[in-house]
Amino acid sequence: MSSLIVPPILTSPRDDAIKLHGAFKGWGCDTAVVIDILAHRDATQRALIQQDYRAMYSEDLCKRLSSELSGKLEMAVLLWMHDPAGRDAVVVRNSLTTGNLKAATEVICSRTPSQIQLIRQHYHSKFGVHLEDDIKRHTSGDHEKLLLAYVSPPWNEGLEVDRQMVENDAKALYKAGEKRLGTDERTFIRIFCERSRAHLAYVASVYHSGEEGNIGQF
């Protein structure tokens, strides 16, 4: 798979802004110029381009891109214009409000606690509503409980692992799932949302070891 590479020599945000403005002139938009510039700049460079574009042309670059582009290209380019946390906030918002919750779940459950904190800040700044409130509004049941647990403090990012706690959690997960009829979702939500990634990695190892070798120990 090919990848896009940021030019080794720093480009001028002002020059990029001028080229983009030129791409918007005439009939239609020169999408090749838009892609060549924005897809080969990092988040910091794109932010500087937006600042210079607004200063020179007194208009928001993202709004102009939205009016010039359409379809999946518009979606991709507009997402490029955000920093990672801002992009996550937009993806989560679109996912929650359209009812297609897969993207929101993937973002929320795959980010570190510090990343979640930044997403929450961007979400409130961009949309004027707290992420937790939108989760309550657009989800329900155990799915709602899981997402709320992931975005709510306290969070643990430490690398320390307590061996006894790991074994206790592995046993608890087994008893809450395979060892009973039905599933005790509260136990899964509590452990997966309160423990660090390092801890959960050890839990998975212990769980599978017990499952494959001596499952009776659970």
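S58 lies in the loop that links helix 3 (43-57) to helix 4 (61-68). The model is a predicted one. Phi of S58 is near 55 degrees, a positive value, and the residue is not glycine. Is S58 buried or exposed? S58 has a relative accessible area of 66%. Exposed means over 50%, so S58 counts as exposed.

E59 sits in the loop between helix 3 and helix 4. Its relative accessibility is 24%, which makes E59 partly exposed. Which residues does E59 touch, leaving aside neighbours within four places in sequence? The contacts are H21, Y53, R54 and R64. G99 lies 40 residues from E59 in sequence. In space, the C-alpha atoms of E59 and G99 are 32 Å apart.

### Domains

The domain assignment of the chain gives domain 1 (13-81), domain 2 (84-141) and domain 3 (163-213). The centres of domain 2 and domain 3, taken over C-alpha atoms, are separated by 26 Å.

### Helix packing

Two packed helices are described by the angle between their axes and the distance between the axes. Here are those values for two pairs.

| Helix pair | Axis distance | Axis angle |
|---|---|---|
| Helix 6 (84-98) and helix 9 (131-138) | within 9 Å | roughly 25 degrees |
| Helix 8 (113-127) and helix 9 | 9 Å | about 80 degrees |

Take helix 6 and helix 9. Their axes come within 9 Å and cross at roughly 25 degrees. Angles under 35 degrees count as roughly parallel, so helix 6 is roughly parallel to helix 9. Helix 6 passes helix 9 in a left-handed crossing. On helix 6, the contact is made by V92, R93, L96 and T97. On helix 9, L131, D134, I135 and H138 take part. How do the residues of this contact of helix 6 with helix 9 divide? There are 4 nonpolar, 2 polar and 2 charged.

Now helix 8 and helix 9. They pack at an angle of about 80 degrees, and their axes are 9 Å apart. Helix 8 and helix 9 are therefore roughly perpendicular to each other, as angles from 65 to 115 degrees count as such. Helix 8 brings I119, R120 and Y123 to the contact. Helix 9 brings L131, E132 and D134. The residues of the contact of helix 8 with helix 9 divide into 3 nonpolar, no polar and 3 charged.

Key. Residues numbered from 1 in each chain as written. Predicted model: local features only at pLDDT ≥ 70, side-chain atom pairs only at ≥ 80, totals over all residues. Heavy atoms only, no water. Helix = DSSP H or I, 4+ residues; strand = E, 2+ residues; numbered from the N terminus. Buried < 20%, exposed > 50% of the residue type's maximum accessible area, 1.4 Å probe, protein only. Domains from an automatic or database assignment. Axes fitted to C-alpha atoms, helices over the stretch in contact; angles between N-to-C directions. Parallel < 35°, antiparallel > 145°, perpendicular 65-115°, else oblique. Left-handed = near helix turned anticlockwise from the far one by under 90°. Contact = heavy atoms within 4.5 Å. Nonpolar A, V, L, I, M, F, W, Y, C, P; charged D, E, K, R; others polar.
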